[in-house]
Structures are given as structure tokens and as C-alpha cells.
Amino acid sequence: MKRLEGRPAIVTGAGSGIGRASAIRLASEGARVLLVGRTEATLAETRDIITAAGDVAELFVADAADETQMRAAVDRCIALYGGLKIFFANAGNTDSVKPFLEQTVEAWEGMYRDNVITAFIACKLAGGHMIENGGGSIILNSSTGSLRARGGTEAYGAAKAAVNNLTQTAACAFAGRNTRVNAILPGLTETGLTKPMFDWARDKGKEGRMGKLTPMQRPGYVADMAGVVAFLASDDSAYVDGQLLPVDGGISCTHPAGRFVY
Ligand SMILES: NC(=O)c1ccc[n+]([C@@H]2O[C@H](COP(=O)([O-])OP(=O)(O)OC[C@H]3O[C@@H](n4cnc5c(N)ncnc54)[C@H](O)[C@@H]3O)[C@@H](O)[C@H]2O)c1
């Protein structure tokens, strides 16, 4: 019996990066996964990887920041798989670096929409279903950039900090009804989101320095994130609720003191 055998799951932003890797991992552990995102072609690629391995997935095109579209996604999951037990609210975005005094309200609103509103809608819709139907696990995707300055753009960091508080708030809102809410806080991980940084380092011959300030001395891989998502989705984390879990090679435990000399 697999750890997530038969459990209905939704993953947003499942057409790429951490979302794709996590959907594949959840399905490999027995979950039946509805892949949600804005681009049908990339979702179909993820679905084809999962079904080629003999696991179960379907896709649903929706904007994770649109409540009506996401309600339709949840309804589709319930119709397909008979419920909803796992929701990985992974969809998120970053913006481009700009001097603080040149930043716009519109850019900040965009960051809040893609990172906070998506997570709020996930908690509202998945939580609403789960508390009435025996419970479940909601996992939000925050960032180590939420913990202090300069882990991303200012608006991105502030938006992810809001996701952290939402994790705690929602866990309390669902208290006593077997519905857990936790967040992963990824460190620097190569995906479409961070490709420009990795490309820049490669161009300068400095790829080996990516992630070197972490105690693990390497950047994150999407599989590192997917493993923790599967843990939080499973009963192995049954007593973990309202927690912000850095998955960052240890960078959040250090001060920026330079090279490791031990
Ligand atoms: N890569 C990193 O270093 C890193 C670090 C910390 C946190 N994260 C977080 O991980 C999550 C996944 O990002 P990734 O690194 O895999 O990058 P990615 O660009 O590969 O994936 C993000 C996905 O979210 C989708 N998305 C964004 N807004 C959406 C919306 N409104 N509706 C539906 N889909 C939407 C995108 O289309 C994309 O498929 C994000 O929330 C990101 O903030 C990433």
C-alpha cells in the first residue's frame, strides 16, 4: 500500500518546476492528481509523464488567483476522484528587480495576486471541503525570501511573508477538524523562475558558486521540494500543523559570514 494510495490531490502551477516535480512525486506515492495551471500544453506534458509511469493524473486549465475558476477545479477533482484530500498551492511568481523608489503599486498588487490571493483561495476552497469531509492537508509554497530582506524582490518577499501568516491563520481557522495547513519555504532552486540567475552564473563560469553559502553547499533541486511536499501531504506529518518549513540547504540558519572554513 502506497503512502498516499487513492488520495485525491490538486497541484497548482503543475506545468513546470516545483509544481511538476511535486505532482509527479505525489502521483508516484499513489495520489490521484488534478494538475491545475494556465497553460494546457505544459500541464499535458506533466500528465503524460505521470500516466506513462502508470500513475493517475488529469489536467484542468485555470488561473489560481481566480476564485470562480478554482471552484470549478475543486468541483472537477471531486467529480473525478470522489473528494479532495491534498492541495499543494504551488502557483506563484516573482517580478523583476527595480530600485525600491521606482517600484509601482501595480507591480506589488501583481505579486500579491499571484502569491497571496492564490494561497488564500486554496485555503478557502480546499479547507471548506476538507473540514466537512474528514480532513486533509493543504501545503502552501512560500520562500526563504519571506524571512528577511534580499532573498528576492521586495514585493515578492512581502507577499511570501503574508503567505507565512496565512499558513498559521488558516491552520487555526480549521482547528479541530483534521485539516492541516503547512508551508514549504524553498531556497534557491533552479526552475523557470530562477533560470535567468543560473544562466547568468553559467555565462560567467560561476555556476559552481550557486548555493555555496548554504551549509549544504549546493542549490536546491525540485526533487528536494517534492519530497517534503509528499511528507506534508502524508500521515507521516499527522501532528505537523501551521508550520513554516524551510527547504533551503540550511541557508536560513546562518548569518552571511562568508566561506565555510571548518
Ligand atoms: N525556484 C525557486 O528558487 C523558488 C524559491 C522559493 C519559492 N519558490 C516558489 O515555488 C513556486 C513554484 O515556482 P517554480 O520555482 O517552480 O517556478 P515556475 O515558474 O517553474 O513555476 C511557477 C508556476 O506557477 C504558475 N502560475 C503562476 N501564477 C499562476 C496563476 N495565477 N495561476 C496558475 N498558475 C500560475 C506558472 O505558470 C508556473 O507554471 C512559486 O510559488 C515560487 O514562488 C521558488
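I take two strands as paired if DSSP finds at least two bridges between them. The model I am reading is predicted.

**Entry 1: the sheet**

I started with the strand order. Seven strands make an open sheet, and I read them off as β3-β2-β1-β4-β5-β6-β7. The pairing is parallel. I then looked at the edges. β3 (56-61) and β7 (244-247) each have a single partner strand, so one side of each lacks a neighbour in the sheet. On average, neighbouring strands are turned by 20° against each other, direction ignored.

**Entry 2: β1 and its partners**

Next I went to β1, residues 8-12. Three bridges join β1 to β4 (residues 86-89), and the two run parallel. I looked up V11 and found F88 as its bridge partner in β4. On β2, I counted five bridges to β1, again parallel. There, T12 stands opposite V36.

**Entry 3: β5**

I followed F88 across to the next strand. F88 stands opposite I139 in β5. β4 and β5 pair in the parallel sense over four bridges. Burial came next. Six of the six residues of β5 are buried, so β5 too is largely enclosed by the rest of the structure. G136, I138 and L140 point one way, while S137, I139 and N141 point the other.

Which strands does helix α4 touch? I found β1, β4, β5 (136-141) and β6 (179-186) for α4, residues 105-132. The direction of α4 makes about 175° with that of β5.

At 1.5 Å a residue, the 20 residues of α5 (154-173) should span 28 Å, and the end C-alpha atoms are 28 Å apart, which agrees. I listed its buried residues, among them A155, Y156, G157, K160, V163 and L166. The buried residues of α5 pack against α4, β5, β6 and β7.

**Entry 4: the ligand shell**

How many residues surround the ligand? I noted 27, and the closest are G13, G17, G92, T191 and L193. I sorted the shell by class: seven nonpolar, 17 polar and three charged residues. I also asked which elements contribute. α1 (17-28) and α4 each supply at least two residues of the shell. The largest share, three residues, comes from α1.

**Entry 5: G249**

Last, I looked past the final strand of the sheet order. G249 is found in the segment after β7. Buried or exposed? The cut-off for buried is 20 or more other C-beta atoms within 10 Å. G249 has 23 C-beta neighbours inside 10 Å, so G249 counts as buried.

I set aside neighbours within four places in sequence and listed the contacts. G249 is in contact with G187, G211, T214, P215, M216, R218 and G220. The C-alpha atoms of G249 and G187 are separated by 7.2 Å, though the two residues are 62 residues apart along the chain.

Key:
Residues are numbered from 1 along each chain as its sequence is written. This is a predicted model: local features need pLDDT of at least 70, side-chain atom pairs count only at pLDDT 80 or more; totals for chains, interfaces and linings use all residues. Axes are lines fitted to C-alpha atoms, for helices over the stretch in contact, and angles run from 0 to 180 degrees between N-to-C directions. Two residues are in contact if their C-beta atoms, placed from the backbone, lie within 7 Å. The expected span of a helix is 1.5 Å times one less than its number of residues. A residue is buried if 20 or more other C-beta atoms lie within 10 Å of its own, exposed if 12 or fewer, and partly exposed in between; C-beta atoms are placed from the backbone. A residue is near a molecule or strand if its C-beta atom, placed from the backbone, lies within 6 Å of it. Ala, Val, Leu, Ile, Met, Phe, Trp, Tyr, Cys and Pro count as nonpolar, Asp, Glu, Lys and Arg as charged, and the others, Gly among them, as polar.
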